[in-house]
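This report is written for someone meeting the structure for the first time.

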Amino acid sequence: MNPSLPRQTRPGPAPRPPQDWNRILARDVLRRSLRGGSDFLREEATAASLGIGRTVLRQIFSRLAGAGLIEHVPRRGWRVRPFQERDMLAYLEVRELMELKALDLARRHLVPADLQRILALNRTRPGRGAPAVDSELHPYLVHKSGNRFIQEFIGSHGAYYTTLFYYATRGARAVGLMARHHVDILRRLLRRDWDGAAALLSRHIRAQAPLLRRMMDRLARLPLEDWPDLAP
């Protein structure tokens with residue numbers, strides 16, 4: 001036997017592919033929320049079950065808290081925010097009032113080039129590719145209003161529902177509908193038709209409730225393991 005030849009060894013187990021823990025946890029949290037759960041997620045137990053460090057877990061929980069999906073309760077852990085339809089309807093009612101006021105205040109500060117750029121982000125016609133809806137119109141109007149109380153309300157209460165509405169409008173039909181709404185609003189703004197833009201904005205916000213209800217109905221008919229990927 002030639003001692004210079006390497007000894008044959010059994011191959012070790014294949015390394016596990018890296019896990020996107022942010023996506024995995026977000027999917028789990030959003031499922032719990034949509035099922036109406038207000039579970040507490042303990043850092044130590046969750047980190048141990050996933051085999052990750054608590055520092056990494058805390059960073060993920062902080063991002064989910066920023067999305068409005070969980071909140072930190074001192075000495076108790078992280079609580080999942082349960083979905084309740086009455087809260088969603090109440091939020092949309094106040095949001096409509098806030099955004100209409102934001103539009104009124106923003107009139108003098110809207111930049112046509114900005115509106116044209118946002119308009120180009122929306123695709124409604126099949127010949128231009130899959131429908132696409134932008135995520136800038138509403139934050140732009142709120143920012144241009146210059147009213148910090150409107151900005152704080154939308155910033156502190158809007159993250160959770162924005163996340164839910166995003167998933168409620170993932171289908172091509174819903175995306176196309178929301179994109180058409182945005183296009184119509186932006187065209188009215190470019191024409192300085194403030195009353196027309198306000199009426200369309202109001203209709204657009206109110207249309208989000210039935211979209212979310214339809215998503216909830218679809219999910220309710222599926223076993224939990226068949227739910228689509230809901231991670232932000």
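Helix 2 packs, through its buried residues, against helix 1 (21-34), strand 1 (40-41), helix 3 and strand 3. The model is a predicted one. Helix 2 covers residues 43-50, and its buried residues are Glu43, Thr46 and Ala47. These three sit on the same side of helix 2, because they cover an arc of only 95° around the axis. Glu44, Ala48 and Ser49, on the other side of helix 2, are exposed. After helix 2 comes Gly51, which has a positive phi, near 75°.

The mean pLDDT is 83, and 85% of the residues reach 70 or more. Over residues 12-17, however, pLDDT stays under 50, and the model has zero contacts beyond four places in sequence for this stretch. Where pLDDT is low, the predicted coordinates should not be read in detail.

Helix 10 (residues 208-220) has 13 residues and spans 18 Å from its first C-alpha to its last, close to the 18 Å expected at 1.5 Å a residue. Gln208, Ala209, Leu211, Leu212, Met215, Met216 and Leu219 are the buried residues of helix 10. Down the axis of helix 10 these buried residues fall within an arc of 160°, so they line one face of the helix. An α-helix has 3.6 residues a turn, so residues three or four places apart point the same way.

The largest nonpolar core has 61 residues, and Leu34, Leu64 and Leu189 touch the most other members. Helix 7 (residues 148-168) gives the most to this core, with nine residues. Setting aside residues up to four places away in sequence, Leu64 touches Leu25, Ala26, Val29, Leu69 and Ile70.

Aromatic rings form another set of contacts. A pair of aromatic rings is described by the distance of the centres and the angle of the planes.

| Pair | Type | Centre to centre | Angle between planes |
|---|---|---|---|
| Phe61 and Trp78 | tilted | 5.4 Å | 50° |
| Tyr91 and Tyr161 | stacked | 4.7 Å | 15° |

Phe61 belongs to helix 3 (residues 54-66) and Trp78 to strand 3 (residues 77-80), so their pair ties together parts that are 17 residues apart in sequence. Phe61 is buried, at a relative accessible area of 0%, and Trp78 is buried too, at 7%.

Two single residues complete the account. Is His138 buried or exposed? His138 counts as buried because its relative accessibility is 13%, under the cut-off of 20%. His138 is placed in helix 6 (residues 137-145). Not counting residues up to four places away in sequence, His138 touches Arg95, Glu99, His182, Leu201 and His204.

Leu177 lies in helix 8 (residues 172-190). With a relative accessibility of 27%, Leu177 counts as partly exposed. Leu177 and Thr124 are 53 residues apart in sequence, while their C-alpha atoms are 7.9 Å apart in space.

Notes: Residues numbered from 1 in each chain as written. Predicted model: local features only at pLDDT ≥ 70, side-chain atom pairs only at ≥ 80, totals over all residues. Heavy atoms only, no water. Helix = DSSP H or I, 4+ residues; strand = E, 2+ residues; numbered from the N terminus. Buried < 20%, exposed > 50% of the residue type's maximum accessible area, 1.4 Å probe, protein only. Contact = heavy atoms within 4.5 Å. Core = buried A, V, L, I, M, F, W, Y, C linked by side-chain atoms within 4.5 Å. Expected span 1.5 Å × (residues − 1). Arc of directions from axis to C-beta. Phe/Tyr/Trp six-rings, centres within 6.5 Å; stacked < 30°, edge-to-face > 60°. pLDDT = per-residue confidence, 0-100.
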